[in-house]
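Work through the exercises below with the sequence and the model at hand. Each task is followed by a solution in steps.

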Amino acid sequence: RLDESGDLVLLAEQDRSQWSATAIVEGLSWTELALRGDSPTHRYALEAAIAAVHAEAKTAAATDWRQIRQLYDILARVHPSSVVALNRAVAIGMERGPMAGLAVLDALQAHPELERYHLFAAARAEFLRLCHREPEALAAYRIAHQLAGNELEQRFLERRIRQLEVE
């Protein structure tokens, strides 16, 4: 999750050949057991299943976003939260395109918990950037930066802001 300089690397940009194959196999077997157990729709079983879909994809482009979105649909029913709604919106955007993800995020803006959540602002910023709405993306990245309390995330957001400022 970090590069050689100690900076944050997004999931989509990670070198998956560096992931621990042994840990993935072990995690997948535990996930399979959880999904076959008495509570396959338990929050942690569903979260493990989402992680498993990411882990099974050989590349970021090969990620089955439809399956991830479907798992978030279930998770949103059995364990609704603003963070689950945010993650579901991101999955929709990855599955159907940034405009679709942005539409769902915009519908979530009324959630007071998300208003002060840096990852909500960062997700909006990223979808706005992908929609070529750079001025709005820049404003959203600045909000995310102000809200972020983690130095690694702040540095990542500063890089995104600088990229948009020069474009």
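Predicted model: local features only at pLDDT ≥ 70, side-chain atom pairs only at ≥ 80, totals over all residues.

**Exercise 1.** Decide whether the radius of gyration of the chain agrees or disagrees with that of a compact globule.

Solution. Start from the chain length, 167 residues, for which a compact globule would have a radius of gyration near 15 Å. The chain has 17 Å, so the two agree. Next, take the box filled by the C-alpha atoms, which is roughly 50 × 40 × 30 Å along the principal axes. Finally, consider burial: 35% of the residues are buried, taking buried as under 20% relative accessible area.

**Exercise 2.** Describe the largest pocket by volume, lining and residue class.

Solution. The volume is about 1500 Å³. The lining has 44 residues, and Leu-10, Leu-11, Asn-87, Val-90 and Leu-119 are the closest to the pocket centre. Two or more lining residues come from each of helix 2 (43-56), helix 3 (65-78), helix 4 (82-96), helix 7 (118-130) and helix 9 (151-166). By class, 28 lining residues are nonpolar, eight are polar and eight are charged.

**Exercise 3.** Which element gives the most residues to the lining of the second largest pocket?

Solution. This pocket holds about 190 Å³ of space. Its lining includes Arg-16, Trp-19, Ile-24 and Lys-58. Helix 1 (21-36) and helix 2 each give two or more residues; helix 1 gives the most, with three. The lining divides into six nonpolar, one polar and three charged residues.

Definitions and conventions: Residues numbered from 1 in each chain as written. Heavy atoms only, no water. 1 Å grid on protein atoms, 1.4 Å probe; cavity = no way out; pocket = protein on both sides within 12 Å on 5 of 7 lines; lining within 4 Å. Points joined across faces, edges and corners; volume = space filled by probe spheres on them. Helix = DSSP H or I, 4+ residues; strand = E, 2+ residues; numbered from the N terminus. Nonpolar A, V, L, I, M, F, W, Y, C, P; charged D, E, K, R; others polar. Rg over C-alpha atoms; globule rule 2.2 N^0.38 Å. Buried < 20%, exposed > 50% of the residue type's maximum accessible area, 1.4 Å probe, protein only.
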